[in-house]
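Hi,

Here is the structure I promised to pass on. Have a look at it first, and then read my notes on the cavities and helix packing below.

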Amino acid sequence: MPDTFTIRVNGTEHAVATDADRPLLDVLREDLALTGTKYGCGEGACRACTVLIDGEATQACITSIETAAGSEIETIEGLAASGQLHPVQQAFIDQAGMQCGYCVPGQIMTAVALLRSSPQATDEEIVAEMTGNLCRCCNYENILAAVQQAAGRAPDASAP
Amino acid sequence: MTNRQDMTAQHELPSLLDDDPAVEFERYELREPPRYVFAVDRREFVGALGAGLVVVAWPADGQAQRGGRQARRDERLADRLHIGADGVVTVLTSKVEVGQGSRTQLTQAAAEELQLPMDRVRLIMADTAACPDDGGTAGSRTTPSTVPRVRSACAAARVQLVELAAAKLGAPASDVRYEAGRFTVSDGAATTLADLAADRELVATFESASPADVALRPVEAWQVLGTPAAKVDAAAVVTGQHRYPSDIRLPDMAYGKVLRPPSYGATLAEIDLRPAQEMDGVIAVRDGDFVGCTAATSWRAARAVEAIESTARWNEPAPDEHVHSDQLYEHLKQTAAEEGGRRGRGGREWGDRQAALESAPRRHQSTYHIAYIQHAPMEPRAAVAQWDEGRLTVWTGTQQPARVHSELQSAFRLGADAVRVVVPDTGGGFGGKHTGEAAVEAARLAKAAGRPVSLRWTREEEFTWAYFRPAGVIEIDAALDDAGRIVAWDFTNINSGGSAVDTPYRTAAGRTRVLAADAPLRQGSYRALASTANNFAREAAMDELAEAAGADPLEFRLAHLEPGRLRDVLLAAAERFDWRGRRAAGDFVGIACGTEKGSYVAACVEAAVEDGTIRVRSVCQAFECGAVQNPRNLLSQVQGCIVMGLGAALREEIRFSEGRIDNASFYDYEVPRMDDLPELEIVIVERPDLPSVGAGETPIIAVAPALAGAVYAATGQRCKSLPLRV
């Protein structure tokens, strides 16, 4: 039987009446119409569903609504709420950090969390953190360049 | 064998060949009967009889929908583009965007010929109710086929617009200066695209005019094509606003879930739907072997299916009726047959092969094994279906909207006009989304639920019930003369298909052929098709022959190549990589090249083997595809192909037993990650003098054999399988 859970998403409080073990991902997408967070595997293996829960990059597909209740959640929709793209979003555009783009919201949220804790993350830190986010287009060179840009460095040029 | 897909077309699909007969036959090999045969309901049956008609399975003439493509000169401009009152031009195409960059490239193509900034051009892609049929999105055909078609239409429209503006401004057309949507004549009078949009004459002109015989803007004049334009909807992607097929939401929409059989070939004997039907808000439906549930959330729909799963009784094939992956190559070899080789189109014979093989001083035989792999696009199959008074609309991710349209017509016995398929820009394809399973399933669920239904496959479903790149066994028998020249070349591919089956190297006599076999898994297209297999085996064999001839792998290849584009990319990669210097220094390096779909690629790889694991240090790849239309997207495609190709070379392999996939998860089927990224160096060989060809596939075919060469340099061990084993 449904219980009611309260979550704050991108600064707005929502009371959701639903099954306790339902994934946060489904609640975001189906109940709150926030479809920017993507399903990729449903088992925490690809991180397409990455959101920030109390600032921590977390896989929404393996986080139940009950676990998330009472938390502050940030999704891709909240990053540019002011109308200004977040520097990581801008970097993904500048560095062609997307092909199909389906993994990009998760990539960006992982990068945002990384750069908040380590604003000038080294390449080693970036790869260690971002390697959990799969991109089947294998656009990793450009995703790396985007995070490098957002970390305030000129991306390594591989272009001819 | 009960779990294989029947290669004969019991239920013939309309011809799905692209407009270019040279396109690979095998791309469309996934011919099979529909998975579900839905019951005819009584009213429908009576209706069909009453009309005196057979219940139609497919449109009587599959070509009818495709006539627009084949009779291009009859195409009306009005079918291809509309000019809005805001001066924005809307261009229509059946092509889809799955990450390869078609939307941006076609926008550039239209903007180029209309001489407009890109933001004044909008594309409507892949809506069967609105778009002229340019075919599916496959075979790297958008660049050589659809781009010219869109350019022709836009160039013709520009000419018509100038004439109309001239008439309106009372001046000869030769006096009209056109720039960025504005028409000016010498007396200073002017009009704009937005003004002309409202003109009745424009409408009449577009209704009657066709794109014939208008010169396209030459490469040297390009202002939009040839520039590194960013993905046109990049901002929507990075803000999460772009709606992929799985993101489509309709009012009153339910979510669906389908019950899957426990193994391939299983049929449903009985099931009790009541436990699901008793759940609040759940609709459960069985129709033949199809069982599914809908509910207000996908979670509830999945719980409903779980509730009835244990009541199902399946007729399953015995475990020993299934081929297991550890018996795969033996099985393919045993069942290989020249007769009925549906994929046997590739192949030819030249010279006296047998005599050369028997008399040559050195003969070399080698066998290569190619695993089943999967596309595994990040967005699994998804569809939203809506019925409205017998008419069906489905939003889904597919590379073949016309084919899915046909599948829906067949499954629900609908006329062509009663079905509409819309493909929102989709989360990846790689040749793996040529079918409409989710579309059919969502439509059946929506029919049962009486409301729109969204269905998204799980990753496990995608790994199990989508299809695979064919596995293969490749046998090569070759001979060298005393001078180290290849005098005989006999190349046999079992099951993979015919792409790049021919050798680009000079050989006095030979044969290439493709044999069909009993395929244990459902198989179909993949990025660059069988050239991923054939190019690997051929290039690996070239390394072995080079060694037998006492030659360097690069010099041996050059000695067998005529001057031309392949030789040019090979030299370009070797020079940038410093192949000769690094070989002399004893670095662990490998080299390979190949051509497919009219483009040319060569790769040099440096690798190391540590504790039994291959580490790829660097890849230097040269690529040539004629005149480059978007260097930024081209670079992304080449980089992505290299890394995807490394995945298939290093780890990717579908394992199966007893009619199940044993590694249907990203935890067990390991695709490339960022920490697999080697140092990449890309050399685009510019050929603005040559027609542009597609570039989203061929750059994948050289990296695996080049890596095999590097592994041999490191270990002295020849790797003759994909993935490579050390």
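A quick word on residue classes before anything else: Ala, Val, Leu, Ile, Met, Phe, Trp, Tyr, Cys and Pro count as nonpolar, Asp, Glu, Lys and Arg as charged, and the others, Gly among them, as polar. Bear in mind that this is a predicted model, where local features need pLDDT of at least 70, side-chain atom pairs count only at pLDDT 80 or more, and totals for chains, interfaces and linings use all residues. Residues are numbered from 1 along each chain as its sequence is written, chains are lettered from A and ligands numbered from 1 in the order in which they are written, and side-chain values use heavy atoms, with hydrogens and water left out.

Cavities first. A cavity here is a set of points, on a 1 Å grid over the protein atoms alone, where a 1.4 Å probe fits but cannot get out; lining residues have an atom within 4 Å of a point. Volume is the space filled by probe spheres set on the points, which are joined across faces, edges and corners. The whole structure has 9 cavities of 30 Å³ or more.

H20(B) gives the largest share, 3 residues (helices are DSSP runs of H or I, at least four residues, numbered from the N terminus).

The second largest cavity holds about 160 Å³. It is lined by 17 residues, and Ala96(A), Met98(A), Ala230(B), Lys231(B) and Asn633(B) are the closest to its centre. H20(B) supplies the largest share of this lining too, again 3 residues. The classes come out as 6 nonpolar, 8 polar and 3 charged.

Now a helix pair. In chain A, H4 (residues 87-94) and H5 (residues 104-117) pack at about 130 degrees with axes 9 Å apart; axes are lines fitted to C-alpha atoms over the stretch in contact, and angles run from 0 to 180 degrees between N-to-C directions. That angle makes H4(A) oblique to H5(A), since under 35 degrees counts as roughly parallel, over 145 as roughly antiparallel, 65 to 115 as roughly perpendicular and the rest as oblique. Val88(A), Gln89(A) and Phe92(A) of H4(A) are in contact (heavy atoms within 4.5 Å) with a set on H5(A) including Val104(A) and Leu115(A). The contact residues divide into 7 nonpolar, 2 polar and no charged.

Cheers

Technical notes. On a 1 Å grid over the protein atoms alone, a cavity is a set of points where a 1.4 Å probe fits but cannot get out, and a pocket is an open set with protein on both sides within 12 Å along at least five of seven lines; lining residues have an atom within 4 Å of a point. Helices (H or I, at least four residues) and strands (E, at least two) are DSSP runs, numbered from the N terminus.
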